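Got your viewer open and ready? Let's walk through this one together, one selection at a time.

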Amino acid sequence: MSLVRVHNFSVSLDGFGTGEGQTLDAPFGHAGHRLHGWFFNTRAFRSMQGKDGGDFGVDDAMAATWADGIGAEIMGRNKFGPQRGPWEDHDWNGWWGEEPPFHTPVFVMTHHPRPSVEMKGGTTFHFVDGSPQEVLKQAKEAAGGLDVRLGGGPSTVRAFLAEDLVDHLHVVVVPILLGRGERLWDGLEGIEERFRIETVASPSGVTHVTFNRA
């Protein structure tokens, strides 16, 4: 059965999955790269960019599972880019360059659909307006029996969790305080009852928390 999976989703100690003030040059707002420093040093991240090297260890082992068995991705519009409202620039195709690392169909949730964009390496962005259930149905059909990765950001993951649509959730708790931004856990009281939860501490200072549907 096709599963819905979230991987490598970093949050601060106070629960923020991104900072305030997202711009083209600051995808995570005032958080900068502080939420993802643990990831940038891994072999998994460097491999995504077509580079050699990087660290082994707990962080790499956890990060490397993000692509296994994935047939499609869902993301919120804010993960795709910083534009709001009607699309003013159809030449903007995301923060990942000409060959994004997804290599699958990607369904971008937005109230302003636009034509699909085919990129190098097998990634095609589809811009869809619908409920989590409706978009998930499209993604599962495109995945062809493989799993669907839910890429973020916080409001998108939160919406799918609220509808009990997530089977595997990998959250990385980073020991920083952001104070402002967009929180992951708001409105999800008692969600831990749905999952089996495991934690692994890393020498980098982060804690990997995995939630698997009970």
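Helices (H or I, at least four residues) and strands (E, at least two) are DSSP runs, numbered from the N terminus. With those labels, select Asp164, in the loop between α6 and β8. Asp164 has a positive phi of about 60 degrees although it is not a glycine. Most residues other than glycine have a negative phi, and most peptide bonds are trans.

Before moving on, a word on what you're looking at: this is a predicted model, where local features need pLDDT of at least 70, side-chain atom pairs count only at pLDDT 80 or more, and totals for chains, interfaces and linings use all residues. Residues are numbered from 1 along each chain as its sequence is written, and side-chain values use heavy atoms, with hydrogens and water left out.

**Stop 1**

Asp164 is partly exposed, at a relative accessible area of 34%. Here buried means under 20% relative accessible area, exposed means over 50%, and partly exposed is in between (1.4 Å probe, protein chains only). Now jump to His103, in the loop between α4 and β4. His103 has a phi near 60 degrees, a positive value in a residue other than glycine. With 42% relative accessibility, His103 counts as partly exposed.

Next, select Gly152 and Gly153. The peptide bond joining Gly152 to Gly153 is cis, with omega near 0 degrees. You'll find Gly153 in the loop between β7 and α6.

**Stop 2: the sheet**

Switch to a cartoon view. How many strands does the open sheet have, and in what order? There are nine, running β5-β6-β4-β3-β7-β1-β8-β11-β10, with mixed pairing. Two strands pair if DSSP finds at least two bridges between them. The edge strands are β5 (117-118) and β10 (195-201), each pairing on one side only. Contact means heavy atoms within 4.5 Å, while axes are lines fitted to C-alpha atoms, for helices over the stretch in contact, and angles run from 0 to 180 degrees between N-to-C directions.

Zoom in on β3, where seven of its seven residues are buried. On one flank, β3 and β7 pair in the parallel sense over five bridges, and Ala72 stands opposite Val148 in β7. β3 also pairs with strand β4 (residues 105-109), again in the parallel sense, over four bridges. Look there for Glu73, whose bridge partner in β4 is Val106, and for Ile74, which stands opposite Phe107 in β4.

Slide over to β7, which has five of its six residues buried. β1 and β7 pair in the parallel sense over two bridges, and Val4 stands opposite Val148 in β7.

**Stop 3: a buried residue and an exposed one**

Pick Val108, which sits in strand β4. Is Val108 buried or exposed? Val108 is buried, with a relative accessible area of 0%. Leaving out residues up to four places away in sequence, Val108 touches Met75, Gly76, Arg77, Phe80, Phe125, His126, Phe127 and Val128. Try the distance tool on Val108 and Met75: they are 33 residues apart along the chain, and their C-alpha atoms are separated by 5.0 Å.

For a contrast, go to Asp52, in the loop between α2 and α3 (58-63). Asp52 is exposed, with a relative accessible area of 69%. The C-alpha atoms of Asp52 and Ala201 are separated by 25 Å, and these residues are 149 apart along the chain.

**Stop 4: the largest pocket**

Finish with a surface view. The largest pocket has a volume of about 1400 Å³. Of the 50 residues that line it, the closest to its centre are Phe28, Lys79, Trp95, Trp96 and Gly151. A pocket, on a 1 Å grid over the protein atoms alone, is an open set of points where a 1.4 Å probe fits, with protein on both sides within 12 Å along at least five of seven lines; lining residues have an atom within 4 Å of a point. Grid points are joined across faces, edges and corners, and a volume is the space filled by probe spheres set on the points.
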